Amino acid sequence: MYKLHLILKYLRRRRIAWVSLIAVMLCTAMVLVVISVMGGWLRMFRASFQGLSGDIVIRTDSRTGFPFYEEMIAELEKLPEIEAAAPLIETYALINIDNSIHQPVRLVGIPLDKIGRVNRFWDSLYLNNPTDSPQQPLDDMRAWYAEARDAQEEQFESEVAAGKLTRREMEDLLDATDQIIEARLAPYEAWARARGPEQAPTFGLPWHPDAYRAKLDRGQRPEEASDPATYPGMIVGTGLIGIEKNAQGQMHRWYGLEQDNPRWAKLFTVAIDPKNPNIDLAQAKVERFFWIVDNSRSGVFQTDAQTAYVDFGLLQADLEMTRKPIYGFDMQTLEQSEEIVGHEPARTYEVHIKLAPGVVLEDGRRTVDTVVRRVLLEQKADPLLRVGVETWEYRYRDFLNAVENEKALVTTLFAFISVVAIFLIFCIFYMIVAEKIKDIGIIKSVGATNAGIAGIFLGYGAAIGVVGGLLGVVVGGLVVRYINEIHHFMGWALGIQIWSAQTYMFDEIPSSMNPREVIIIVAVAILSSILGAVLPAMRAARLRPVEALRFE
């Protein structure tokens with residue numbers, strides 16, 4: 001009991017020990033923030049990459065794709081280990097958006113009605129998100145107009161105060177503004193009622209055909225598709241059309257999707273014949289108009305800034321990857337005959353597969369690989385055809401391993417820096433022992449043992465570690481929780497931008513704490529504090545009562 005009493009007394013009254021307590025707190029908070037940001041970065045990488053991919057991916061390195069994917073999907077979906085499978089085509093194209101954005105783009109063809117069963121692409125959508133739409137887009141549009149009205153009212157108030165406008169005139173103008181807003185919101189509210197909740201996404205045009213016809217005049221329309229209301233839909237990444245977070249962390253994802261100003265896009269793609277080493281641009285190029293019908297936000301900046309999504313079947317046809325007839329050869333005329341002697345199978349670039357719950361990733365990969373090899377053998381595919389089967393973790397292994405190694409390196413470096421706290425505790429406790437020689441002598445003279453004296457100072461060190469560690473968790477937790485707000489404040493106050501979404505891939509700083517890591521960090525803080533107190537405790541334990549009280 002006396003040991004606990006002395007520990008609490010020293011902890012309250014020996015203010016010099018608060019320096020070591022603050023050191024433990026700051027070191028704990030520093031390591032916690034570093035490991036939480038790096039760990040959050042790793043977790044965000046994993047979640048984003050897994051959300052953009054199936055659990056297992058069948059792919060080829062050739063942009064011309066591989067055949068017999070339909071047979072593979074049919075066989076795979078018969079297995080209890082497989083929940084769903086969907087093909088995907090990836091290529092590159094040139095895009096022109098509203099004559100305002102011209103750049104290369106990563107073009108992905110997806111079966112939109114099936115892709116949501118394989119990955120989390122549906123969750124990245126805005127107008128077509130089965131979970132949030134149509135309520136969230138409608139609420140955002142209302143908030144958008146409400147913000148504009150508030151700004152208008154503030155302007156009117158300033159004019160009234162300046163004598164440029166009467167109160168009655170201001171009320172009339174606000175009533176007119178409300179009527180305009182109501183008229184503008186009416187089509188969106190009608191769209192929300194017609195769409196209904198949890199509706200499967202489509203590439204269909206969301207607004208009335210006249211909205212699209214009014215956007216493109218006749219001089220801009222291609223001859224082969226004179227009616228703009230017949231153009232197919234396209235989904236673009238938010239960054240591709242310049243949707244970014246503002247200073248308050250908000251994103252106006254309605255931008256580019258307004259009914260009175262829909263945005264068109266023109267794509268230029270090139271089909272590649274796997275049997276022809278030369279590319280005839282006059283025959284292989286495809287130019288097609290699209291309407292932007294939705295935007296996708298995966299959270300990975302590079303993906304959102306460079307990717308557009310179109311219908312799988314449409315892109316497959318444009319790239320000449322659909323099923324084609326094979327014509328015979330007339331031996332008499334030495335020309336191609338009109339007789340169809342077979343068909344070239346359709347091709348795709350990848351097949352993404354969702355495993356059933358409980359199936360181990362590597363076990364699922366082996367099962368898929370077995371089916372793929374069997375189908376290729378049964379269909380007598382070209383032996384030189386290279387088709388691989390890989391897990392999503394293996395696919396993104398370079399990114400994930402790099403982040404894991406960086407996390408380990410940075411954490412180790414900051415842990416070495418935190419060793420300073422051990423030496424600080426040692427110095428402070430050594431001073432306290434020197435000052436408390438009289439107290440040690442008195443305690444020993446009434447029967448305290450060497451172990452008891454050592455226990456006081458070791459317990460004192462442990463108390464410093466516990467209190468400092470817990471305070472460090474509080475401080476570090478607050479920093480991690482509000483790290484993006486702190487970053488925005490620093491940018492506003494200092495005029496600098498530390499975190500760049502273009503550099504670090506994500507549009508915000510990852511912030512998440514792992515309870516297991518928190519426990520380990522606090523335990524290390526307590527252990528470090530005890531280690532720092534070991535030598536002073538041993539010195540105090542070796543003191544003899546007579547020597548301690550000699551000069552008293």
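Trainee: Before we start, what conventions apply here?
Mentor: Residues are numbered from 1 along each chain as its sequence is written, and side-chain values use heavy atoms, leaving out hydrogens and water. As the model is predicted, local features need pLDDT of at least 70 and side-chain atom pairs count only at pLDDT 80 or more, while totals for chains, interfaces and linings use all residues.

Trainee: How many helices and strands does the chain have?
Mentor: Helices (H or I, at least four residues) and strands (E, at least two) are DSSP runs, numbered from the N terminus. Counted that way, the chain has 20 helices and 13 strands.

Trainee: What percentage of the residues in the chain is buried?
Mentor: Buried means under 20% relative accessible area, exposed over 50%, and partly exposed in between (1.4 Å probe, protein chains only). Of the 552 residues in the chain, the buried share is 44%.

Trainee: Which residue of strand S8 is the bridge partner of Gly-109?
Mentor: Two strands pair if DSSP finds at least two bridges between them. S8 (residues 307–311) has four of its five residues buried, and five bridges join it in parallel to strand S4 (residues 101–110). Within S8, Gly-109 is partnered by Val-310.

Trainee: And on the S5 side, which S8 residue partners Ile-235?
Mentor: Strand S5 (residues 233–237) pairs with S8 in the antiparallel sense, over two bridges. In S8, the partner of Ile-235 is Tyr-309.

Trainee: How many residues apart are Glu-390 and Arg-59?
Mentor: Their side chains meet in a salt bridge at 4.0 Å, N to O; the term means a side-chain nitrogen of Lys or Arg within 4 Å of a carboxyl oxygen of Asp or Glu. Glu-390 is buried, with a relative accessible area of 13%. Glu-390 sits in strand S13 (residues 388–391) and Arg-59 in strand S1 (residues 56–59), and their separation is 331 residues.

Trainee: Where do Arg-373 and Asp-369 lie?
Mentor: These two also form a salt bridge, at 3.3 Å from N to O. Arg-373 is partly exposed at 36% relative accessibility, and Asp-369 is partly exposed at 22%. They are four residues apart, about one turn, and both lie in helix H11 (residues 361–378).

Trainee: Is Leu-470 buried, partly exposed or exposed?
Mentor: Leu-470 lies in helix H16 (residues 450–481). Together with Val-466, Val-467 and Leu-471, Leu-470 makes a nonpolar surface patch of about 280 Å². Such patches are made of residues with over 30% relative accessible area and no salt bridge, with nonpolar side chains (Val, Leu, Ile, Met, Phe, Trp, Tyr) joined within 5 Å and like charges within 9 Å; areas come from the Shrake-Rupley method with a 1.4 Å probe, and for residues only the protein chains shown count as cover. At 49% relative accessibility, Leu-470 counts as partly exposed.
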